[in-house]
Amino acid sequence: MLFPVRCFTCGKPIGHLWEEYIKRVENCENPAKVLDDLGVKRYCCRRMFLSYTDISKEILYFPKIS
């Protein structure tokens with residue numbers, strides 16, 4: 001599944017912030033500070049970032065049928 005374009009609760013657009021968030025967290029920055037810097041203040045929007053897991057690799061996996 002892809003990261004949501006909008007917060008499920010309040011409807012604020014957050015999808016454009018995902019790549020910047022991931023890039024900075026993978027560089028060992030504190031996720032809370034990254035979200036503050038990106039302007040994500042509402043706890044409903046923050047939970048979208050913190051609880052998202054990328055399962056697209058499992059969904060798109062098709063085993064070879066002989």
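Predicted model: local features only at pLDDT ≥ 70, side-chain atom pairs only at ≥ 80, totals over all residues.
**Aromatic rings, a nonpolar core and an annotated cysteine site**

The structure holds seven aromatic pairs. A pair of aromatic rings is described by the distance of the centres and the angle of the planes. For tryptophan 18 and tyrosine 21, the ring centres are 5.7 Å apart and the planes stand at 35 degrees, so this pair is tilted. The two residues are separated by about one helical turn, because they are three residues apart in helix 1. Tryptophan 18 and tyrosine 21 are both buried.

Tryptophan 18 also takes part in a pair with tyrosine 52. Here the ring centres lie 4.9 Å apart and the planes are at 85 degrees; the pair is therefore edge-to-face. This pair links distant parts of the chain, since tryptophan 18 belongs to helix 1, whereas tyrosine 52 sits in the loop between helix 3 and helix 4 (56–59), 34 residues apart. Tryptophan 18 has a relative accessibility of 18% and thus counts as buried. Tyrosine 52 is likewise classed as buried, at 18% relative accessibility. These rings belong to one aromatic cluster, formed by Phe3, Trp18, Tyr21, Phe49 and Tyr52.

In soluble globular proteins, nonpolar side chains tend to be buried together. In this model the largest nonpolar core has 14 residues, and Phe3, Ile14 and Phe49 are those that touch the most other members. Helix 1, helix 2 (31–38) and helix 3 each contribute at least two residues to this core. The largest share, four residues, is supplied by helix 3.

An unreviewed UniProt entry carries the annotation "binding site" for Cys7, Cys10, Cys44 and Cys45. These four positions are spread over 39 residues of sequence, yet they cluster in space, the largest C-alpha distance being 7.8 Å. Cysteine 7 lies in the segment before helix 1 (18–26), and cysteine 10 is also found in the segment before helix 1. Their surroundings can be considered in turn. Cysteine 7 is buried, because its relative accessible area is 3%, under the 20% limit for that class. Beyond the residues within four places in sequence, cysteine 7 contacts Lys12, Ile14, Cys44, Cys45, Arg47 and Met48. Cysteine 10, in turn, counts as partly exposed, because its relative accessibility is 34%. With neighbours within four places in sequence left aside, the contacts of cysteine 10 are Arg42, Cys44 and Cys45.

A polar atom of the arginine 46 side chain lies 2.8 Å from the backbone oxygen of valine 40. Not counting residues up to four places away in sequence, arginine 46 touches Ala32, Leu35, Asp36, Val40 and Lys41.

Note on methods:
Residues numbered from 1 in each chain as written. Heavy atoms only, no water. Polar contact = N/O pair within 3.5 Å; in protein donor to acceptor, adjacent residues only side chain to side chain. Contact = heavy atoms within 4.5 Å. UniProt positions renumbered as here; feature names shortened; annotations may be inferred. Buried < 20%, exposed > 50% of the residue type's maximum accessible area, 1.4 Å probe, protein only. Phe/Tyr/Trp six-rings, centres within 6.5 Å; stacked < 30°, edge-to-face > 60°. Core = buried A, V, L, I, M, F, W, Y, C linked by side-chain atoms within 4.5 Å.
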